[in-house]
Amino acid sequence: MLGPGNKHKEDDALAKVAEKFPVVLYSVPDCGSCDLARLYLQKRKVPFTEQNLNADPELQQTLKKKIGSLSAPTLMIGEKVMKGYVESVLEGELDGVGYPKIETSEATSSESQENDKAPASSDSGYRPTRRY
């Protein structure tokens with residue numbers, strides 16, 4: 001279990017990584033992949049800036065010049081550009097630059113242990129129809 005002193009060290013480490021490798025999410029409204037990327041960053045407690053491409057034509061041009069095309073979501077981790085959202089790829093990039101991994105809460109682990117203890121039921125609920 002982490003003590004209060006470790007929490008301060010974690011915050012310092014996170015601040016240093018965020019300063020060196022800032023995360024920017026370029027998104028548009030009503031974009032499922034944008035929502036998933038945002039939720040993942042929030043779940044992982046990664047500080048990020050979100051830029052709405054829909055509302056800012058100047059930002060669209062700037063991004064287009066910078067990366068050669070316009071797509072949403074686009075994530076930048078430092079100078080690294082990621083077009084689209086694939087959780088495993090984003091996870092790897094964040095891990096690679098030193099962002100903290102997702103903390104697994106005790107509730108989550110105890111839930112999975114409870115599920116492991118549940119008897120395996122071979123009853124799928126399927127009932128064949130008998131025809132006479």
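Student: What pattern does the protein chain follow along the sequence?
Tutor: The pattern is α-β-α-β-α-β-β-α-α. The protein chain has 5 helices and 4 strands. Keep in mind that this is a predicted model.

Student: What is the order of the strands in the sheet?
Tutor: The order is E2-E1-E3-E4. The sheet is open, and its pairing is mixed. Strand E2 (48-52) and strand E4 (80-83) are the edge strands, each pairing on one side only. From one strand to the next, the twist averages 20°.

Student: In which sense do E3 and E4 pair?
Tutor: Antiparallel, over 4 bridges. E3 covers residues 74-77. The hairpin of E3 and E4 has 2 residues between the strands. Gly-78 in that hairpin takes a positive phi near 65°.

Student: Which residue in E4 stands opposite Thr-74?
Tutor: Lys-83. Thr-74 itself lies in strand E3.

Student: Is Thr-74 buried or exposed?
Tutor: Buried. Its relative accessible area is 0%, and buried means under 20%. A polar atom of the Thr-74 side chain lies 2.5 Å from the backbone oxygen of Ser-71.

Student: And what is Thr-74 in contact with, leaving aside neighbours within four places in sequence?
Tutor: Val-24, Leu-25, Tyr-26, Leu-63, Ile-67, Val-81, Met-82 and Lys-83. Two of those names, Leu-63 and Ile-67, are buried residues of helix H3.

Student: OK, H3 then. Which residues are buried there?
Tutor: In H3 (residues 57-67), Leu-59, Leu-63 and Ile-67 are buried. Seen down the axis of H3, the buried residues fall within an arc of 45°, so they line one face of the helix.

Student: What do the buried residues of H3 pack against?
Tutor: E1, E2, E3 and E4. On the other side of H3, Pro-57, Glu-58 and Lys-65 are exposed.

Student: What caps the N-terminal end of H3?
Tutor: Asp-56 does. One of its side-chain oxygens lies 3.2 Å from the backbone nitrogen of Glu-58. After H3 comes Gly-68, with a positive phi near 90°.

Student: Switching to the other helices. Which strands does H2 lie across?
Tutor: H2 (residues 32-43) lies across E1 (23-27), E2 and E3. H2 runs at about 155° to E1. Helix H4 (residues 87-97) lies across E1, E3 and E4, and runs at about 15° to E3.

Student: Now the core. How many residues are in the largest nonpolar core?
Tutor: It has 16 residues. Those with the most contacts inside it are Val-23, Leu-41, Leu-75, Leu-90, Leu-94 and Tyr-99. Helix H1 (4-20), E1, H2, E3 and H4 each give two or more residues to this core. There is also a second, separate core of 7 residues, including Val-24, Leu-53, Leu-59 and Leu-63.

Student: What is Leu-90 in contact with, beyond its neighbours within four places in sequence?
Tutor: Tyr-40, Leu-41, Leu-75, Ile-77, Met-82 and Tyr-85.

Student: Where is Arg-44 found?
Tutor: In the loop between H2 and E2.

Student: Why does Arg-44 count as buried?
Tutor: Because its relative accessibility is 4%, and the cut-off for buried is under 20%. Leaving aside neighbours within four places in sequence, Arg-44 is in contact with Glu-91, Leu-94, Asp-95, Tyr-99, Pro-100, Lys-101 and Ile-102. Among these, Leu-94 and Tyr-99 are on the list of residues with the most contacts inside the largest nonpolar core.

Student: What about H1? Is Val-17 buried or exposed?
Tutor: Val-17 lies in H1. It is buried, with a relative accessible area of 12%. Apart from neighbours within four places in sequence, Val-17 is in contact with Pro-22, Val-97, Gly-98 and Tyr-99.

Student: How many residues apart in sequence are Val-17 and Pro-47?
Tutor: They are 30 residues apart in sequence. In space they are 10.0 Å apart, C-alpha to C-alpha.

Student: Last one, whole chain. What share of the residues is buried?
Tutor: Buried residues make up 23% of the 132 residues. As for contacts between residues at least 6 apart in sequence, 61% join residues at least 24 apart.

Terms used. Residues are numbered from 1 along each chain as its sequence is written. This is a predicted model: local features need pLDDT of at least 70, side-chain atom pairs count only at pLDDT 80 or more; totals for chains, interfaces and linings use all residues. Side-chain values use heavy atoms; hydrogens and water are left out. Two strands pair if DSSP finds at least two bridges between them. Axes are lines fitted to C-alpha atoms, for helices over the stretch in contact, and angles run from 0 to 180 degrees between N-to-C directions. Contact means heavy atoms within 4.5 Å. Buried means under 20% relative accessible area, exposed over 50%, partly exposed in between (1.4 Å probe, protein chains only). The arc is that of the directions from the helix axis to the C-beta atoms. A polar contact is a pair of N or O atoms within 3.5 Å; within protein, one must be able to donate a hydrogen and the other to accept it, and residues adjacent in sequence count only if both atoms are side-chain atoms. A nonpolar core is a set of buried Ala, Val, Leu, Ile, Met, Phe, Trp, Tyr and Cys residues joined through side-chain atoms within 4.5 Å.
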